[in-house]
Amino acid sequence: EDTDKGAYPYYMLKEIDEQAVVARNIAAHYFDEEGQLQGIGCAITDKMKEADRLYIVAAGTSYHAGLVGKRYFEQWAKIPTEVHIASEFAYDQPMLSAKPFFIFLSQSGETADSREVLDNVKKQGFPALTLANVMNSTLTREADFALPVLAGPEIAVASTKAYTAQVLVQAILASALGNPGFDLKAELAKVAVEISAITDEKETFKKIAETALKDQKSAFYIGRGLDAAVALEAALKLKEISYVQTEGFAAGELKHGTISLIEDGTPVFALLTQKKTAGLLRGEVAQVAARGANTVVIASKSLTKDGDAFVLPEVEELLMPILAVIPAQLIAYYATLDRHLDVDRPRNLAKSVTVQ
Ligand code: G6P
């Protein structure tokens with residue numbers, strides 16, 4: 001596979017751009033010509049259907065992908081789902097349900113914290129499935145089942161296409177267990193088209209990064225529901241490579257403490273793709289603006305208002321996290337470039353963390 005940067009200055013930008021192709025590759029792998037699901041054996045779905053609760057275990061960006069995936073398993077498959085940070089679960093295992101099923105999410109398949117949990121879980125005799133980008137890795141070999149995430153080689157330390165791929169594959173897996181209520185294959189084709197529509201707008205995000213984040217030492221991403229989950233990933237992207245201290249927040253929690261950090265010019269990025277809470281989120285944007293924040297709203301088409309910084313194309317609302325994260329990836333990229341830092345190799349970080 002292609003591990004050459006080609007004409008790209010950094011792998012991260014190349015990998016951001018590859019997300020449309022990744023979405024198409026995933027759809028081609030998991031659906032046949034007639035639109036029927038393929039590639040997920042009955043052994044996996046039968047075991048999952050027997051479970052009374054799913055436990056998603058992961059670290060970093062993969063953990064954030066799990067927070068989105070939870071929604072698909074609960075809403076479509078109707079199985080209660082918990083998402084856990086591997087390094088916590090490994091040493092403080094929560095009380096488990098009677099018939100748990102474990103899903104390990106990992107780009108590398110080698111994260112030591114996740115491996116520790118898999119070891120513990122196996123000793124207890126529980127079934128486990130690994131969704132990994134690197135197949136034939138420790139986590140895929142040692143779990144009972146494994147499915148490929150199919151993002152292709154990801155070289156930049158900051159994960160981008162592996163996140164969107166993990167979200168997509170979780171959606172597909174959940175759709176094998178319960179009906180999403182729409183044609184997922186057709187919608188994935190739309191998602192791929194709209195990813196490109198967003199990555200074509202690089203100049204817009206460059207400008208946002210260079211103005212809103214200029215000389216700023218801290219920033220916020222806020223959202224509600226699925227946008228709150230994306231806000232965590234968006235904040236991680238920005239802070240891990242640009243070193244701008246960024247918090248991702250469930251917008252309703254701001255008023256319970258964090259809003260005191262808002263000063264004149266503090267950048268607050270709001271992700272607004274979920275209809276039910278759009279009005280409330282608009283209120284929160286107004287509240288931080290009234291306290292001096294520089295608000296940058298990224299809203300889906302039907303929810304947008306004058307003055308928003310970017311209008312996201314619209315796909316099924318539950319799939320909007322796949323689109324909403326892309327502006328954040330590009331803003332992080334350009335903010336880092338603007339600071340003359342090495343986008344692909346942020347200080348103190350490793351692509352794969354094989355120590356606990
Ligand atoms: C490292 C990487 C992150 C990644 C995390 C989990 O910290 O820098 O990008 O999200 O590990 O890795 P995994 O390979 O298990 O997804």
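How are α2 and α9 oriented to each other, roughly parallel or roughly antiparallel? Before you look, note that this is a predicted model: local features need pLDDT of at least 70, side-chain atom pairs count only at pLDDT 80 or more, and totals for chains, interfaces and linings use all residues. Residues are numbered from 1 along each chain as its sequence is written.

**Stop one.** Select residues 19-30 for helix α2 and residues 184-199 for helix α9. Helices here are DSSP runs (H or I, at least four residues), numbered from the N terminus. The two axes come within 8 Å and cross at roughly 165°; axes are lines fitted to C-alpha atoms over the stretch in contact, and angles run from 0 to 180 degrees between N-to-C directions. Angles over 145 degrees count as roughly antiparallel and those under 35 as roughly parallel, so α2 and α9 are roughly antiparallel.

Now colour Q19, A20, A23, R24 and A27 in α2, which meet α9 residues including L188, V191 and I195. "Meeting" means C-beta atoms, placed from the backbone, within 7 Å.

**Stop two.** Jump to helix α4 (residues 60-75) and helix α8 (residues 161-177). Their axes are 9 Å apart, at an angle of about 25°, and therefore α4 and α8 are roughly parallel to each other. Zoom in on the contact: among its residues are V68, Y72 and F73 of α4, plus Y163, V167 and A171 of α8.

Methods: Helices (H or I, at least four residues) and strands (E, at least two) are DSSP runs, numbered from the N terminus. Angles under 35 degrees count as roughly parallel, over 145 as roughly antiparallel, 65 to 115 as roughly perpendicular and the rest as oblique. Two residues are in contact if their C-beta atoms, placed from the backbone, lie within 7 Å.
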